[in-house]
Amino acid sequence: MDLAPRIRKIREIKGRKQITVALAMNVTQQAYSCLEQRADNCRLETLKRFCEVMEVELSYLVALDVPVTEETFERFGT
């Protein structure tokens with residue numbers, strides 16, 4: 001799984017809408033939508049901000065070999 005689908009899946013597990021996460025990250029909903037579609041070229045600071053908002057470790061977000069499930073999310077959440 002690439003980074004963008006992981007971001008979307010984490011948001012879905014947390015039960016949040018794109019606009020809610022975007023506002024918490026202080027970006028537009030359109031900018032956040034782009035993050036969920038093309039996260040591979042985003043800045044590290046953006047990924048860190050996403051992790052802070054979603055209360056998940058950055059190492060979990062970028063661990064592409066670890067599936068994003070409710071169980072793994074609970075283990076790696078902050």
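Me: In what order do the elements of the chain run from the N terminus on?
Reply: This is a predicted model, in which local features need pLDDT of at least 70, side-chain atom pairs count only at pLDDT 80 or more, and totals for chains, interfaces and linings use all residues. Residues are numbered from 1 along each chain as its sequence is written, and side-chain values use heavy atoms, with hydrogens and water left out. Helices (H or I, at least four residues) and strands (E, at least two) are DSSP runs, numbered from the N terminus. The chain has six helices and zero strands, and from the N terminus on its elements run α-α-α-α-α-α.

Me: What is the radius of gyration of the chain?
Reply: This radius is taken over C-alpha atoms, and the globule rule is 2.2 Å times the number of residues to the power 0.38. For 78 residues the rule gives 12 Å, and the chain comes close to that value, so it is as compact as a globular protein of that length. The radius of gyration of the chain is 11 Å.

Me: Which residues of helix H3 are buried?
Reply: Buried means under 20% relative accessible area, exposed over 50%, and partly exposed in between (1.4 Å probe, protein chains only). Helix H3 covers residues 29-37, and its buried residues are Tyr-32, Ser-33, Leu-35 and Glu-36.

Me: Why do the buried residues of H3 line one face of the helix?
Reply: An α-helix has 3.6 residues a turn, so residues three or four places apart point the same way. The arc is that of the directions from the helix axis to the C-beta atoms. On the other side of H3, Gln-30 and Gln-37 are exposed. The buried residues line one face because, seen down the axis of H3, they fall within an arc of 155°.

Me: Is Arg-11 buried or exposed?
Reply: Arg-11 lies in helix H1. Leaving aside neighbours within four places in sequence, Arg-11 is in contact (heavy atoms within 4.5 Å) with residues including Tyr-32, Glu-36 and Met-54. Its relative accessibility is 11%, so Arg-11 counts as buried.

Me: Where is Asn-26 found?
Reply: Asn-26 has a positive phi of about 65° although it is not a glycine. With a relative accessible area of 69%, Asn-26 is exposed. Asn-26 is found in the loop between H2 and H3.

Me: What is the relative accessible area of Glu-55?
Reply: Glu-55 is found in the loop between H4 and helix H5 (58-62). Glu-55 has a positive phi of about 55° although it is not a glycine. Glu-55 is partly exposed, and its relative accessible area is 41%.
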